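Here are a few friendly exercises on aromatic rings and model confidence. Try each task yourself before reading its solution.

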Amino acid sequence: NAGEQEAQHVDLKENSGINESDKLESQQHLGDSTSEQEKEITESYTFFTIFWTLLAGFSSGYLGGLCGIRGPPLIIYFLHLPHPIVFKTKQEQRATGASITLANVVMRVIYYMIDTLAFDKHSYFTGEDWGLYLSIAIFSLLGVIVGAKIFDLLSDKKDAVKGILTIFLLLCGVSLLIS
């Protein structure tokens with residue numbers, strides 16, 4: 001049995017048309033491109049890059065906890081990305097922004113739930129506001145749909161995305177001045 005299996009394995013190797021030296025060469029070639037990709041990905045972050053990223057995250061969380069508005073620090077961060085952080089495509093920028101937003105919102109909801117349940121405080125979420133929650137959810141979904149359509153029309157125009165972010169940041173500032 002063992003001898004038959006070994007013979008079949010040798011036959012498969014011989015009939016596959018790929019010899020061991022071709023496999024080794026292919027693996028070495030893949031190793032070269034992988035190490036080049038790793039160098040590109042793992043370019044060391046400077047103190048400024050780490051500081052600017054942590055400051056944007058902290059400021060976003062702080063404002064989110066203080067008044068529920070976490071966006072402006074992230075908009076500023078995306079407008080002035082520190083080196084070596086570069087988004088090659090607008091899809092990368094959108095995915096990163098969505099991931100940051102998800103992490104930020106999930107952390108806040110978990111904190112509010114623990115704070116309410118563990119310390120027997122008044123709930124942050126009240127049943128009286130269900131209409132508000134529902135309308136925000138519906139219009140957020142509509143905003144995502146419209147934003148995705150506009151995103152598709154931009155066809156990798158990073159300057160257009162920066163312009164849109166700048167307009168929203170300006171609107172936030174004007175809103176603060178008016179209120």
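**Exercise 1.** Find how many aromatic pairs there are, and decide how F58 and Y62 are arranged.

*Solution.* Start with the rule: rings of Phe, Tyr and Trp (its six-membered ring) pair if their centres lie within 6.5 Å; planes under 30 degrees apart are stacked, over 60 edge-to-face, and the rest tilted. This gives 5 aromatic pairs. Next, take F58 and Y62: their ring centres are 6.1 Å apart and their planes meet at 15°, so this pair is stacked.

The model is predicted: local features need pLDDT of at least 70, side-chain atom pairs count only at pLDDT 80 or more, and totals for chains, interfaces and linings use all residues. Residues are numbered from 1 along each chain as its sequence is written, and side-chain values use heavy atoms, leaving out hydrogens and water.

**Exercise 2.** Classify F58 and Y62 by accessibility.

*Solution.* Recall the cut-offs for relative accessible area: buried is under 20%, exposed over 50%, partly exposed in between (1.4 Å probe, protein chains only). F58 has 58%, so F58 is exposed. Y62 has 48%, so Y62 is partly exposed.

**Exercise 3.** What is the average pLDDT of the protein chain?

*Solution.* First, pLDDT is the predictor's confidence in each residue, from 0 to 100. The protein chain averages 74, and 72% of the residues score at least 70.
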